[in-house]
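The sequence and structure come first, and the notes follow by topic.

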Amino acid sequence: MIKILLVEDDVNLNDLVKTILERNGFLVSNFYSANDALRSMENRAYDLIISDIMMPNIDGFEFAKAIRENDKNIPILFMTAKGEFEDKLKSYSIGVDDYMVKPIDIKELVLRVGALLRRAKINNERKIQIGSTIIDSDSLSIIENEEEIILPLKEFNILFKLLSNPGKIYTRSQIMNECWGIYTESMDRTIDVHITHLREKIKDNPNFEIVTVRGLGYKAVIKNG
C-alpha cells in the first residue's frame, strides 16, 4: 500500500485530507508539525509527502530542504495559503514537485497525488526495452544496435512516459503535469516543440514511433506489435 506522510497544523484540514486519501486507498501518517514528521521519517519510509508551508518552529521550506538533503526523489506536494509567485518559485527551486493554494479542491488533490506517484514510479524504473531498443534513464539515452542517442531531459521524460504505456493516449496537460510537474494552457506549444524534436531523433527507429491523435494528444505506437 502507498504510504503518504501528511504535515498540516490545521487540525480540521489535516483530518479531512487524511480521511479522503484513506478512502482512496492510501495509508496516511498525519502530523501537525515538521519536527514530528522528521522524527517519523527516521524510522519509516514513505512514498509521498504532503506539507503545509506556514508551520511553527520548522516551516515547510526548511522541512523540504531537510528532506532533499537525504532523498532527492520522494515527491513533495505543498498545500498552502501562500499563493504568491515568489513562494512558488522558492518551492520549486528547493525541489518541491507540486504546489496547491488553499482553499484546496479535495478531488484535485487526489488527482495530483496520483500523478506524482505515477511520475515517481517511472523515475524509479530505470530502463525500458522495446524490441532491440533500450531507453536508459541513467544516461538519458536511446540505445539501438550499439548506437546511442543522448536526449535532453524533457524530451527523454516525454519519451519514457509514452513508452511506459504504449498505445495509451496522453493529452498535452497530462504530459506537462507528469513531466514538468505543472501545467498551463500556454505551455501547449512547448509540448509540441519537444515532440517535434523528439520525432526527428527517433524517425529511423525500427521499434516504435510517436503518433498524434487529433484533438486528443499523443501516444507511442509499437511497430509490428
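Strand S10 (residues 208-213) and strand S11 (residues 217-222) are antiparallel partners joined by six bridges. Strands here are DSSP runs of E with at least two residues, helices are runs of H or I with at least four, and both are numbered from the N terminus. Two strands pair if DSSP finds at least two bridges between them. The model is predicted: local features need pLDDT of at least 70, side-chain atom pairs count only at pLDDT 80 or more, and totals for chains, interfaces and linings use all residues. Residues are numbered from 1 along each chain as its sequence is written, and side-chain values use heavy atoms, with hydrogens and water left out.

**Hairpin of S10 and S11**
- Val211 has Lys219 of S11 as its bridge partner.
- Three residues lie between the strands of this hairpin, and Gly215 takes a positive phi near 80°.

**Four-stranded sheet**
- An open sheet of four strands runs in the order S6-S7-S8-S9, with antiparallel pairing.
- Its edge strands, S6 (127-130) and S9 (147-150), each pair on one side only.
- On average, neighbouring strands of this sheet are turned by 15° against each other, direction ignored.
- Strand S7 (residues 133-136) and strand S8 (residues 141-144) run antiparallel and are joined by four bridges.
- Asp136 stands opposite Ser141 in S8.

**Helix H6 against H8**
- Helix H6 (residues 153-164) packs on helix H8 (residues 188-202) at an angle of about 75°, with the axes 10 Å apart; axes are lines fitted to C-alpha atoms, for helices over the stretch in contact, and angles run from 0 to 180 degrees between N-to-C directions.
- H6 and H8 are therefore roughly perpendicular to each other (65 to 115 degrees).
- Lys154, Glu155, Ile158, Leu159 and Leu162 of H6 meet His194, Ile195, His197, Leu198, Lys201 and Ile202 of H8, where contact means heavy atoms within 4.5 Å.
- The contact of H6 with H8 comprises six nonpolar, two polar and three charged residues; Ala, Val, Leu, Ile, Met, Phe, Trp, Tyr, Cys and Pro count as nonpolar, Asp, Glu, Lys and Arg as charged, and the others, Gly among them, as polar.

**Helix H6 against H7**
- H6 and helix H7 (residues 172-179) pack at an angle of about 115°, with their axes 10 Å apart.
- Lys154, Asn157, Ile158 and Lys161 of H6 make the contact with Ile175, Glu178 and Cys179 of H7.
- By class, the residues of the contact of H6 with H7 are three nonpolar, one polar and three charged.

How values were computed: Parallel < 35°, antiparallel > 145°, perpendicular 65-115°, else oblique.
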